[in-house]
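This report describes aromatic contacts and a pocket in one protein model. Please keep the sequence and the structure in view while reading.

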Amino acid sequence: MRVWAVANQKGGVGKTTSVVSLAGLLADQGQRVLLVDLDPHGSLTSYFGHDPDSLTLSVFNLFQHAGQVPDGLAEALLLDTSHENIRLIPASTALATLERQTAGQGGYGLVLSKSLAQLNDQFDFVLLDSPPLLGVSMINALAACEQLVIPVQTEHLALKGLERMISTLDMINRSRQQDLPYTIVPTLFDRRTQASLNALRVLRTKYAANLWQAFIPVDTKFRDASLAGVVPSRLEPGARGVLAYRALLRYLLAKTLIDAQQRTAEHAVKK
């Protein structure tokens, strides 16, 4: 089971769109995909027609047992979606209280990892939709994943948010035994605007080593898919945004394989 997190400490950069689009493309290929909504706003949960304000069971329940996860709890939280190969662990607005409830307590950083271990045989891919702030939820996402995707809107303020996210990743890596591979994905690109062109130029200059060199364009089909509650590839397989995410998925799958081979080689050298 491969676990990818989609995260950025700035909102509105296309995190949920990236999660849904990549998940849909994987599911279309027959992969069993689990989505986990870690954002109190519950955009991913709402996307598939569930109400974060009224749910009594959500990802929040995983954190209510002093850092432990009772057997069977993760499976009890699974919800169906509009795609037969995608299931969801939803968010609820109760997640907004997580920081307060866990303040000063240790042992909460691996709750999600422990939960996903219960579902290891049921899914091929897990995609984590993280909140736009550093806290217990994001720390859990970064601890649980093997690949991090950082969507960055191609505009000036989003570049500042990327700097904060890279600083956070550096901090997390100091507590991991090995660095977490990550890919920066330019999103909401509009070639008609100078702001998008300038931002893409900065990304390609400053972050070339970890940047997917293409981009996700602005595409109204993403909004239409959200309104319909279906993954974009089911609504309009040939939409330019879907084609861009298809190219991104190919890149991420290849990169994951290369990263795994490098880790195996490094481990062999250490032995």
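## Terms and basis

A residue is called buried when its relative accessible area is under 20%, exposed when it is over 50%, and partly exposed in between (1.4 Å probe, protein chains only).

The model is predicted: local features need pLDDT of at least 70, side-chain atom pairs count only at pLDDT 80 or more, and totals for chains, interfaces and linings use all residues. Residues are numbered from 1 along each chain as its sequence is written, and side-chain values use heavy atoms, with hydrogens and water left out.

## An aromatic pair

Rings of Phe, Tyr and Trp (its six-membered ring) pair if their centres lie within 6.5 Å; planes under 30 degrees apart count as stacked, over 60 as edge-to-face and the rest as tilted. The structure contains four aromatic pairs. In one of them, the ring centres of tryptophan 4 and phenylalanine 125 are 5.4 Å apart and the planes stand at 75°, so this pair is edge-to-face.

Because tryptophan 4 belongs to strand E1 (residues 2-6) and phenylalanine 125 to strand E5 (residues 125-129), the pair ties together parts that are 121 residues apart in sequence. Strands (E, at least two residues) and helices (H or I, at least four) are DSSP runs, numbered from the N terminus. Tryptophan 4 is buried, at a relative accessible area of 1%, and phenylalanine 125 is buried at 5%.

The elements that give two or more residues to the lining of the largest pocket are helix H1 (15-28), helix H2 (43-47) and helix H9 (220-228). H1 supplies the largest share, five residues.
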